[in-house]
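Please take a close look at a single part of the structure shown here.

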Amino acid sequence: MRTGAALTRLRNVTMTDVVTRFLDGAIHAFDFPDGAVADSVAVFELPTGVEPDGHDVAPDLGRAVYATGDEVVCVDRAGKALWRWGFGPGSARRAASAANCRFSADGTEVWLYLPDAMAGRGPDRWVVLSAATGDLTAAAELACAGHGGSQFAHPDGVHVLLDVGEGQDGSQVYRGRLVPDGLDVAAYPWSDRSLVDLAPDGGHFMTVHHEQEDVAFHTHPDGEVVVRVPVESFGHDPEEVYVEWAGGYLDADTAIVVLGGETEDEEEWHRHHLVDVRTGEVRGTLDTPSRDAYDVEPRGDGSWLSTDDDGRPRRHTR
């Protein structure tokens, strides 16, 4: 099991069409007006030396949030802190734990996953804050002890899905929504599947087994498995080849599934495959530049992103 890969997969999952990256001490929001080449549409300078565990940009591009080991901060384009929300007493960093913050689809809330168990602050928490003021809107304790988490905004604008990586103990997946009396959280009944992506219409989602032996596609919201595709379906020996916690929905009917392994010389390799999400049929491979197995971000519209030599996203289409 590759614990480093487990943390690498906690890539930035945006809640809007704008893509964000942390580069040269600033949070950058990118769009692609000319197709493949990224255009920086907003930049948020952070204090010198700050390297956030998680970050996001509001849908209107007017402000950004970032999480450190002990607080989440909201800043404007000038880099001025508009508000701060502290995580409470405890170790700021422990056991490679990382908080994750995301704006809601309409930009009115900030959703925050806190790996509090690893930081000695008590049970892990899922928190919703007012994006305008940083005031606490709702919070819920989670029955997990995660190293980090990824949040996925559902297209319905109501639900958010959370994948919590617990290292060798597996992964927990939750579905949350705001209700009049707080945060309503439902846990999916497994601890051995990692959430990778949501379908463009939100009707399905994609997971990879914790032991990396297969990829599966589930209905939303109940989580029923529609199709499961094991390593053998790609023509490989599951003792030698594994499914990476990477890829996602290229479009409504097709997913990018990433397989990896080692050569006889112990050099790691990876390959991107195309899979029909309705039938599980493997439809060949996708030739794309990528730094590693995780440097592919399907956008659900037939395009995907990789990273150039300067760390900027680059858009590709078939």
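Q: Leaving aside its neighbours within four places in sequence, which residues is Ser303 in contact with?

A: Apart from neighbours within four places in sequence, Ser303 is in contact with Leu250, Glu297, Pro298, Arg315, His316 and Thr317, where contact means heavy atoms within 4.5 Å. The model is predicted, so local features need pLDDT of at least 70 and side-chain atom pairs count only at pLDDT 80 or more, while totals for chains, interfaces and linings use all residues. Residues are numbered from 1 along each chain as its sequence is written, and side-chain values use heavy atoms, with hydrogens and water left out.

Ser303 lies in strand β26, residues 303–307; strands are DSSP runs of E with at least two residues, numbered from the N terminus. Because its relative accessibility is 0%, Ser303 counts as buried, that is, under 20% relative accessible area with a 1.4 Å probe, protein chains only. Its side chain also makes a polar contact of 3.2 Å with the side chain of Arg315. Such a contact is a pair of N or O atoms within 3.5 Å; within protein, one must be able to donate a hydrogen and the other to accept it, and residues adjacent in sequence count only if both atoms are side-chain atoms.

Another buried residue is found elsewhere: Cys74 counts as buried because its relative accessibility is 0%. Cys74 belongs to β6 and stands opposite Val65. Strands β5 (residues 63–67) and β6 (residues 71–76) run antiparallel, joined by 5 bridges.

Note on methods
Helices (H or I, at least four residues) and strands (E, at least two) are DSSP runs, numbered from the N terminus. Buried means under 20% relative accessible area, exposed over 50%, partly exposed in between (1.4 Å probe, protein chains only). Two strands pair if DSSP finds at least two bridges between them.
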